[in-house]
Amino acid sequence: MKLNSFGEELLKYVILFFFIYSVLYIFPFPLNSFTPLYFFERIFHQNTWHVIVPWFAETFLNNPDAYHVQNTGSGDTLYDFVRCLLIGILSFILCTVIFLLFRRKINSNKLIYIGGQYIRYYLIFVLLTYGIIKVFKLQFGEPYLIRLVTPFGEMSPMGLAWNYMGFSKTYTVFAGWSETIAAILLIFKRTRTLGAVLSFGVMLNVFMMNISYDIPVKQFSLHLCVFSAFLILIDGKRLLNVFILNRDVSKIEYVKPFSKKWKNYTLQIAKFLFIIVFVVLKLISTIRRQDMYGDLGPKHELYGIYELNEFQLNHKKRPARLDDSLQFKRLIFDRPQLMYLQKMNDEGVYYVAETDTVAQKIYLKERDSSKVGFFDYKMKPESNVYEFEGIFKGDSIYFKTERKGREDFLLNNRGFHWISKYPFNR
């Protein structure tokens, strides 16, 4: 076999492998594009990967821990990495068998076209999904009040990144629009290469952020980078000629799936209807979720941070000591029905807090609904001073606090300045 022939066959093999790997990784898309069809994805995974991956890990890797865990929020579990390994192995086996049996019949251009279309619409789906929730600031909400009093060194790398993004609405919305515009550009044939370039840049930034701040979506974002790079490589020769070699390029002839015009028009209309319906449903879902969480989500009736400046336990004033495990340091009311109680030794715990604003009373419970106690509270007129008195775990409690809102922190009240005489780096 000549070298050129060998290179062509190797390229054909690589294209076939990438095609199979992409389909196995992405499926069941597009059947999981709409909320009413999410059940299909769940049923599909439960009867395929959730069974095969643990069996493969235990049988061949001698590791029984690669089972699927529901709703962890992580895309970098052992299960996810073993699944990627298994997809790679299956793709290699299928690719080798198909290549040996049908080598002469394999049409690389058709594989590139079909695979490119499938990957392109998958990227559109992912970019629109994440872009829209960033634009409406649902993915990175403003930092919780507890974060405003958490020492910088006590944050996890992911917590730091999440609050860094959530603090700035401008930057978060900009990131969301970058993903959304990349998706829009990918929709149209004339702008799909530009969309792929923008998608690659955006996803590379996301991947580096995940790597740098230990955010557990590393392998997923890496796949999105690779998929974007593949779409760029489809026009790689033309891009090389234009930007590097300074050569002329001819007008590209777009591939049409069907020979009859009406079939191509029908396909185009169907694709646009699919995208329009998806976007409309995604917008409706996102707008509805704004009332549930995010910056516009509901807050506790006593929303704020309450710093203690006087504390009495069983009618005896207790001096402030940093190692005291009984004296309160602050109360934080952020999300509805929850109160965070922090002690002087910095230990803290969440309690269910049912608040009656008319009677000015707070009933505290553990998460298992067992009663903890209650507080009566009152506010001094024209001040942020609040007094609390009641029973907590069988002890009589009285304490005086000063309320601080989000706007009382320098991070939130510094604002934006075009002109700065000196760098305000604190």
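Me: Which element gives the largest share of the lining of the second largest pocket?
Reply: This is a predicted model, where local features need pLDDT of at least 70, side-chain atom pairs count only at pLDDT 80 or more, and totals for chains, interfaces and linings use all residues. Residues are numbered from 1 along each chain as its sequence is written, and side-chain values use heavy atoms, with hydrogens and water left out. Helices are DSSP runs (H or I, at least four residues), as are strands (E, at least two), numbered from the N terminus. The largest share of this lining, 3 residues, comes from α13.

Me: What is the volume of the second largest pocket?
Reply: On a 1 Å grid over the protein atoms alone, a pocket is an open set of points with protein on both sides within 12 Å along at least five of seven lines, a cavity is a set where a 1.4 Å probe fits but cannot get out, and lining residues have an atom within 4 Å of a point. Points are joined across faces, edges and corners, and a volume is the space filled by probe spheres set on them. For the second largest pocket, that space is about 670 Å³.

Me: Which residues line the second largest cavity?
Reply: The second largest cavity has a volume of about 60 Å³. Helix α5 gives the most to its lining, with 4 residues. The lining is made of Phe-29, Tyr-121, Ile-124, Phe-125, Leu-128, Phe-274, Ile-275 and Phe-278.

Me: How many charged residues are in the lining of the largest cavity?
Reply: The largest cavity has a volume of about 70 Å³. Strand β4 (residues 338-343) gives the most to its lining, with 3 residues. Ala, Val, Leu, Ile, Met, Phe, Trp, Tyr, Cys and Pro count as nonpolar, Asp, Glu, Lys and Arg as charged, and the others, Gly among them, as polar. The lining has 7 nonpolar residues, no polar ones, and the charged count is 2.

Me: Is α5 parallel or oblique to α9?
Reply: Axes are lines fitted to C-alpha atoms, for helices over the stretch in contact (heavy atoms within 4.5 Å), and angles run from 0 to 180 degrees between N-to-C directions. Helix α5 (residues 108-135) and helix α9 (residues 192-212) pack at about 55°, with axes 12 Å apart. Angles under 35 degrees count as roughly parallel, over 145 as roughly antiparallel, 65 to 115 as roughly perpendicular and the rest as oblique. Therefore α5 is, relative to α9, oblique.
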